[in-house]
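Student: I am new to this one. Could we go through its salt bridges together?

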Amino acid sequence: MSTDRIEVYVAPDGSPFADGSHGYPANDLAHGLALVRKRREPGQRAVIWMAGGEYAHAEPVAFEAPDSFTSVVAVDPADPPVLRGSVRITGWRPVTVGERELWAAPAPRASGRRLYVDGSAAPRPRYPREGFLRVEEQEGLDPKGSFVGTLFDGSATFRYADGDIPELAEERAVEIVVPHYWVQERMPIASIDRASRTVTSSLTSIFALRDDAAATFARYYLDNVVESLGEVDGEWYLDATGRISGLDGPHILYASPVSPESLDVRFPVADAFVTVNGSAEAPVREVRFENVSFAEADFDAVPPATPPFGVREDPQLPADGRYAADVQAASTVPAALRFSFARGCAVTGGSVERVGGYGVSLGPGSRGNLISGVSFRDLGAGAVRSGGGIDPLAADFNRANEVSDCTAERGGQVYRGAVAVLFQHGSHNVIAHNEIREFPYSGVSVGWMWDYPSSPSEGNQIVGNHIHHLGQGRLNDMGGIYLLGIAPGTVLRGNHIHDVECQNYGGWGVYLDEGSSHVVIEGNVVHDTSSQCYHQHYGREVIVRDNIWARGREGQISITRPEDHTSFTFLRNIVVGHSSPGFVGTPGARDVRNYRIDSDLNLFWDDAPVPGAIRAANAERPKGADGSVGFDITETLDDEWATLGHDLHSLDADPLLADDFAVAAGSPARELGIRIPDVSGAGPRPIAERRHPLVPPTLADPFLPTRG
């Protein structure tokens, strides 16, 4: 059937003077949208058909409320349009810097952190080449002092050890990178006082310069050190003035034994691709991007982290503070595709790759939007973040958004503390059937309310995701799935989480942080974590049933702060260790005997058991002088665990798990009535199985007159 919608065509070889017909297409998205605006009657639908190929995209295209009901669609999904926010670097010439032979080419601008060579991010030179330096002193800070009491004692200055920081030709171009706690601080050098061995940054660290659980001063390294350029091929440096190379104006310096002229070297010049911004009074409705690829974007000026962060400490933080990291999850880092007050909008298929921040942000007032089937790769931060207001009755509250069937990989390349999929305040959202891998911090994070105040984050569904190879030993306090605050109606079901590795504490599979309550966790398979598979900081009345928890290196289940109420009900789970107990505590307030839980009908097994510690034990975590943290079982407590009334009907027996965690027919798990988790379908589904109403593609009008 025919339609009344506007049809505009765009092609890489189109013209800015075209009428947008099939035979005379416009040359880019901006011109295509301009043609739609000239023709549109209020509320009329429009389709911008984009032919395959590459499009130069130096500035973001802004969609506003009058642009509602516009779809941007690939003519052929197998040959997608690629909007590139970069320019190709050419005109390379050999230069000598110091005693090193390098290559130089003119840069399109004098600032930027990212350069891409043949589709991969090129590293900047660092010092030291391997490993870390360590802060010698932050004035007034005792690194062995209270973890919580000193947490926000950040500083813009510290003293370095004698000989640690070499002479720097362009010290203001250098960033001090501090990975600690659950963030990575990036502190640009403002000055160095060599006499006092004091370095000062233009940004203040959000947290004290200590190495958290290790109770030592923080580790750090120097990023973007031109003196190190040329030690390793493939690194680059932005000579912002030409002073280093002796050339006129900004130049890119590249270390290579041969000319890079034949390489596809790309420098981002756009900070975003599109903005879809409505208002409370006039939201943007049903703007769609189907099978469109977006590549290379980064910030001209790197944005500092500034309060408010939506945390309890906001009133105590200076309103004009400029920080080297967000409090958590790189939550204020901008995205390459930005939506706010957007309703029923969609990004389906296509890709977002090689960007300096998040891929997509759903800002305040985003409701009923869909991000589905998108490939997110090589990200400075995470793939998707959603952050609206805290009042569920206000226009800026976010709800009913879905991120499904996406792949997110190799994120956190600049902002190590970013989360692959971050949902702050919001309700009735769905995060389903995504594959998330190779992020240095958490995979999915939902909720933004610490402790037990009422939280608007309820009814969220985290289902069928495959989340793996997180942490990489760089940061702490992370989870494959992380929840925060009271969350009635929230469900974690059918997720497969594995290979989570922290730096020295807190590499968990499922992590329920402060106040997480009234959540159902069922049918998940979680294994191979550096800490425990399931960790609850504190909370109440969580239901944990019919899951597999296996091979947590420091036990399978733990609670940081046991309380007088029931923390969780633990029913019909398969719990498998390797010299690591099912439930583990720490002598003192965190003693496993203080856990207030209901636990029964579980199946426990350890293939290398510590006698008397298959089900429960206490352990110490001794701290080494090098910052390492150990794990030593100090009390075996299986008998006392039973005396306390826990797991009276549970069994200790081999569950007969296969390598893929399928359970054999003769497993004793079936005697206990355990509903065996099946996560074989975790991760993206075939398109035909994606049921969201915004998934179906835009169809061509077979009677369109301009299709001649």
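Student: Which glutamate forms a salt bridge with arginine 266?
Tutor: This is a predicted model. A salt bridge needs a side-chain nitrogen of Lys or Arg within 4 Å of a carboxyl oxygen of Asp or Glu. Here the closest N and O atoms are 3.6 Å apart. The partner of arginine 266 is glutamate 54.

Student: How many residues apart are arginine 266 and glutamate 54?
Tutor: Arginine 266 sits in strand 21, residues 265–268. Glutamate 54 sits in strand 3, residues 53–56. The pair links distant parts of the chain, and the separation is 212 residues.

Student: Is arginine 266 buried or exposed?
Tutor: Buried means under 20% relative accessible area. Arginine 266 has 12% relative accessibility, so this residue counts as buried.

Student: And why does glutamate 54 count as partly exposed?
Tutor: Partly exposed lies between the 20% limit for buried and the 50% limit for exposed. Glutamate 54 falls in that range because its relative accessibility is 47%.

Student: Which residue meets arginine 194 in a salt bridge?
Tutor: The N to O distance is 3.8 Å. Arginine 194 lies in the loop between strands 16 and 17, and its partner in the loop between strands 14 and 15, so the pair ties together parts 27 residues apart in sequence.

Student: Which arginine pairs with aspartate 405?
Tutor: The closest N and O atoms are 3.8 Å apart. The two residues are 285 residues apart, and both are buried. The partner is arginine 690.

Technical notes. Residues are numbered from 1 along each chain as its sequence is written. This is a predicted model: local features need pLDDT of at least 70, side-chain atom pairs count only at pLDDT 80 or more; totals for chains, interfaces and linings use all residues. Side-chain values use heavy atoms; hydrogens and water are left out. Helices (H or I, at least four residues) and strands (E, at least two) are DSSP runs, numbered from the N terminus. Buried means under 20% relative accessible area, exposed over 50%, partly exposed in between (1.4 Å probe, protein chains only).
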